[in-house]
Amino acid sequence: MIKFLFDTDTWQEIYSSIRKNKIRTGITIIGVMWGIFLLVVLLGAAKGVENNFNRLFGDFATNSVFVWAQQTSKPFKGFQEGKGITLKMSDLDNIKKEIKGLEFVIPRHQNQALAVNKFKTGTFGIFGDYPEFDKVQKRNLVYGRFINDNDIIEKKKVCVIEEEIYKQLFDKGEFPIGQYIKIDNINYNVVGMYKEGQIGSGGPQGSIHIPFTTFQQVYNRGDSVGWMMITGQPGFDITQIEADVKLLLKNLHKVHPEDERAFGSFNLGKEIAKVTGFLTGMQFLTWFVGIATLIAGVFAIGNILLITVKERTKEIGIRRALGAKPWEIKRQIILESVFLTSIAGALGIISGGVVLMIIDATLGQGEEPALTNPTVDIPVIIIAAITLVVLGTLIGLIPAHKAVSIRPIEALREE
Amino acid sequence: MIRIEKLHKSYPIGKDFLHVLKGLDLHIKEGEFVSIMGSSGSGKSTLLNIVGLLDGHDTGKYYLNGQLIENLDEKKAAILRNKFLGFVFQSFNLINYKSALENVALPLYYQGMARKDRNKVALQYLDKVGLKDRAEHLPSELSGGEKQRVAIARALVTNPKVILADEPTGALDSTTTHSVMELLKEINREGMTVFVITHEEDVAGETDRIVRLKDGVIISDERVQKKAKV
């Protein structure tokens, strides 16, 4: 079989058979090419929309939930309603210990602060953060770095600021890193500057980030936690995690299990799921349309081979009179089918890729692109290619069978 | 070489059967030059197809090269055809997109011979039929006589036991007919068994033995008494 595949004669025969039906073969190839082309372009475009959506959401981890403490609304275990609750660092440890499927549990503090640099001032949101925050909600750093573990341990007076804040506090062209700014009368060294995504958490002005431990110390928050961001590992249901966390917190803080007001939460995952549901639907549709077109194209190839076989009946008869075994006739036709589908597939993938590049170059550029990185994963391409070859083989079996089902004597009689 | 005993063959036509061969007995020895004569419908083509393993028979026995032919599947038939039989057809049946050389080499391809070797062998046989200089020509660039000579070279290339020629001169004019028959005679002189089917008396007269067929039975089987002339 290997020898057969690498035999010059094998390919010469395919070449001459194709050459005899140039136009028809060409049109058929276009049929299959169109199928895989559609698949690649639509999947790429869908991916582009998804990427764009992910980018718009400011690199938020999409399976995350925010939890904060409020006041109780039900009396429980001797406490009256209206009891104020404060989250503590120990709550986080308990959550990490008790609940499965967590990726990050990140405590945060938040406040308003007056920032001063020489004669320029402004009031901004200030956050106490751990380095992990950067992983959950990616800070797009322009200069410098985000808060690191060392800052946390040594409670360093360092800050990371948003670009808008830089514009308000610094002169144009001034390099912010290494400079000191005064926040609520304490000097902080600026170690990083980032650019906010389109949907951020700090409002239009952006915000200042300082080490969480520094925040606790400076603003006298003791062991408390303002609120926390929890992200789930892939495959774990964030809504379930949200419920589990709140129940655990109620338990820890002696709150009535049915008290819905004691802890507030915002499930980003749930909001995003609505949009991703739509995207998934779109991808499904893409697959459906692409594969259906692909199958139609492959059938066209089977059809043309059937016609070719019909036209070559006599030739096949001659070959068999000269000693061609049925299998030798069959494999030739199957290979022809696989060859045509593969060529068409390769052309389709290449042209699809080119169109995606054009889409990227036109729609994917600028401040507000309609699509971001329209791409198709390599495994998808491989699956599509394998599907093509398999379908090509299967469809080739039909004309191949037809070719050898005619008795050589009848084939020879054919005019 | 070819031995046929009480061979029957019928074809279904609608609900009825057309009885084409009605118990033929025929024995052709190695090295013979035999022609089967008969008008159309006499069953001569059917006989050739059965002898050529292109068609099966109903009852009776057929021995090819001493081997009883029965229960052949297509694969076995293909191997036997390739090994023992060389075909020459009325309409030449060359593959029109292959050069003369490639056409001649084709049976060797199905034997699994390497390209270089089979082209070498094919060229020898083309030389034998006097067409060495036409090796690279396509069938469409050859005259009828040349085409038939290419077909004969193709039939010979596997060095078979029997050459089966079905109206080999049917599509040729009298001059080329003569040259093709001369070629077949020459092949026969070298020891090849040649089995010709024809309806032309002239052509049959060139052979050594004429078997006449009518309505599916052999009506005469005689030697041609003119060999001394050749």
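1. Helices here are DSSP runs of H or I with at least four residues, strands are E runs of at least two, and both are numbered from the N terminus. Please keep in mind that this is a predicted model, where local features need pLDDT of at least 70 and side-chain atom pairs count only at pLDDT 80 or more, while totals for chains, interfaces and linings use all residues. Residues are numbered from 1 along each chain as its sequence is written, and chains are lettered from A and ligands numbered from 1 in the order in which they are written.

2. The helix α11(A) itself is mostly covered, with seven of its nine residues buried. Buried stands for 20 or more other C-beta atoms within 10 Å of the residue's own, exposed for 12 or fewer, and partly exposed for what lies in between, with C-beta atoms placed from the backbone. Among the buried residues are A:Ile316, A:Ile318, A:Arg319 and A:Arg320. Their cover includes α12, α13 (378–405) and α14 of chain A, and also α2 (74–84) and β6 (85–88) of chain B.

3. That brings us to the interface, to which chain A gives 18 residues and chain B gives 18 residues. Two residues are in contact if their C-beta atoms, placed from the backbone, lie within 7 Å. On the side of chain A that touches chain B, two or more residues each come from α2 (8–20), α11 (313–321), α12 (326–362) and α14 (408–413) of chain A. This side of chain A holds nine nonpolar, three polar and six charged residues. In these classes, Ala, Val, Leu, Ile, Met, Phe, Trp, Tyr, Cys and Pro are nonpolar, Asp, Glu, Lys and Arg are charged, and the others, Gly among them, are polar.

4. Two of those elements also meet within chain A: the axes of α2(A) and α12(A) come within 10 Å and cross at roughly 65°. α2(A) is therefore roughly perpendicular to α12(A) (65 to 115 degrees; under 35 is roughly parallel, over 145 roughly antiparallel and the rest oblique). Axes are lines fitted to C-alpha atoms, for helices over the stretch in contact, and angles run from 0 to 180 degrees between N-to-C directions. A:Thr10, A:Glu13, A:Ile14 and A:Ser17 in α2(A) meet A:Gln332, A:Leu335, A:Glu336 and A:Phe339 in α12(A).

5. Over in chain B, there are seven helices and ten strands, and 45% of the 230 residues count as buried. The axes of α3 (residues 100–110) and α5 (residues 144–156) of chain B come within 7 Å and cross at roughly 30°, so α3(B) and α5(B) are roughly parallel to each other.

6. Pairing requires at least two DSSP bridges between two strands. Strands β1 (residues 2–13) and β4 (residues 59–64) of chain B are joined by five bridges, and B:Glu5 stands opposite B:Lys61 in β4(B).
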